[in-house]
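Visitor: I am new to this structure. Could you walk me through how to read it?
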Amino acid sequence: MIKLSVIILTYNTEKLTSNCVRLLVNNYKNNLQNREVEIIVADNASTDNTVPILRKIKEIKVVENKENFGFSKGNNLGTKKASGKYILFLNSDVEVKDNGFLRMVEFMDKNPKIGILGSKLSNPDGSSQSSCGNFYTFFNLIFTLFGGDSLMRKGPNKIEKVDWVSGASLMISRELFKKLKGFDENLFMYIEDMELCFRAKELGFLTYFYPNVKLVHKELGSSSNRGFAILNIYKGILYFYKKHKIALYPLVRFLLSAKAVISLFIGILTNNAYLKKTYVNALKLAI
């Protein structure tokens, strides 16, 4: 019986993905041979050598998506090939250092009211990443938008109940994932993990954070994809409130517009092309 299906989504990250997969295979070699664990890589139509490289790794399944569907739909398509009791969504830029995912499976088996379990993620220097947090309310959204995001996120060193966990390493039972109809495919990237946890809570399931696993998350980034992230976070926040908290939607649009105007003004004063380009587009989304 397959206990765990690990789903890795990739797009033009051949080195990161192959490294992630090889570490997984090494740490779960016996479990793969005994068919307790399976590894599925869903590729979002990469144009590099990701797929040819992965095809050479006999221990895994490769799902070739027809286009870059983003995080939500790309992962949803990957789960169609999964047969494990639990599904673990894992970012391709995560390095797995032990077999702690099986401890997470045992923990969930013992706690059936826990619907979603998130893993502790560390930076390459060993420091802890903030990989869980609170659902957006109007007031903590103000903190998040105006510099207090670190107050809304954390990376605890103990097992504890939280509102949401990072999709970089997120475990859920396959049965519950089907009941929730997967990640919301209206979210291309960002906010989809929090939105999934929110819907699980509405069905009466808890989300917990689990620190007893060794994972290094590289989180590689540049100014160009920071702009991409900001725009998709804007889209995600607007969508989340429109779907789940419609009464607050006009106020949220005002907050996002204010943040965009302030950032755009700073960009003009400092002649910062990144700020000007990003927040002109962000303002268009919010108004």
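Guide: Start with a cut-off. A residue is buried under 20% relative accessible area, exposed over 50%, and partly exposed in between. Lys-85, at 39% relative accessibility, therefore counts as partly exposed. Keep in mind that this is a predicted model.

Visitor: With which residue does Lys-85 form a salt bridge?

Guide: For a salt bridge, a side-chain nitrogen of Lys or Arg must lie within 4 Å of a carboxyl oxygen of Asp or Glu. Lys-85 pairs in this way with Asp-109, and their closest N and O atoms are 2.8 Å apart. The pair links distant parts of the chain: Lys-85 sits in the loop between H4 and E4, Asp-109 in helix H5, 24 residues apart. Asp-109 is partly exposed, at 40% relative accessibility.

Visitor: How many salt bridges does the count come to?

Guide: The count comes to 11. Another of them joins the side chains of Asp-184 and Lys-243, at 2.7 Å from N to O. This pair also links distant parts of the chain, 59 residues apart: Asp-184 is in the loop between H7 and H8, and Lys-243 is in helix H9 (residues 223–244).

Visitor: Is Asp-184 buried or exposed?

Guide: Asp-184 has 8% relative accessibility, so it counts as buried. Lys-243 is partly exposed, with a relative accessible area of 36%. Both belong to a network of salt bridges that also takes in Glu-195 and Arg-199.

Visitor: What about Arg-55 and Glu-64?

Guide: Their side chains meet in a salt bridge, 2.6 Å from N to O. Arg-55 is partly exposed at 48%. Glu-64 is partly exposed too, at 49%.

Visitor: Now helices. Why is helix H4 described as largely enclosed?

Guide: Count the buried residues. In helix H4 (residues 70–79), 8 of the 10 residues are buried, so the rest of the structure largely encloses it. Among them are Phe-71, Asn-75 and Thr-79. The cover over the buried residues includes strand E1 (4–10), E2, strand E4 (86–91), H7 and H8.

Visitor: What span should helix H10 have?

Guide: Helix H10 (residues 249–270) has 22 residues, so it should span 32 Å; its end C-alpha atoms are 32 Å apart, which agrees. Its buried residues include Tyr-249, Leu-256 and Gly-267. After H10 comes Asn-271, with a positive phi near 55°.

Visitor: Where else is phi positive in a residue other than glycine?

Guide: Lys-181 is one case, with phi near 60°. It lies in the loop between helix H7 (174–179) and helix H8 (192–202). At 74% relative accessibility, Lys-181 counts as exposed. Ala-45 has a positive phi of about 60° and is not a glycine either. Its place is the loop between strand E2 (37–43) and helix H3 (50–55). Ala-45 is partly exposed, at 25%.

Visitor: In what order do the strands of the open sheet run?

Guide: Read across the sheet. The 3 strands stand in the order E8-E7-E10, with antiparallel pairing. Strand E8 (153–154) and strand E10 (164–165) are at the edges with a single partner strand each, so one side of each has no neighbour in the sheet. Strand E7 (residues 132–133) is joined to E10 by 2 bridges. Gly-133 has Trp-164 in E10 as its bridge partner.

Visitor: Which residues make the nonpolar surface patch?

Guide: Phe-146, Ile-262 and Ile-266 make it, over about 260 Å². Phe-146 belongs to helix H6 (residues 138–152). It is partly exposed, at 40%.

Definitions and conventions
Residues numbered from 1 in each chain as written. Predicted model: local features only at pLDDT ≥ 70, side-chain atom pairs only at ≥ 80, totals over all residues. Heavy atoms only, no water. Patch = residues over 30% accessible without salt bridge, like charges linked within 9 Å, V, L, I, M, F, W, Y side chains within 5 Å. Areas by Shrake-Rupley, 256 points an atom, 1.4 Å probe, with all protein chains shown as cover. Helix = DSSP H or I, 4+ residues; strand = E, 2+ residues; numbered from the N terminus. Buried < 20%, exposed > 50% of the residue type's maximum accessible area, 1.4 Å probe, protein only. Expected span 1.5 Å × (residues − 1). Pairing = 2+ DSSP bridges. Contact = heavy atoms within 4.5 Å.
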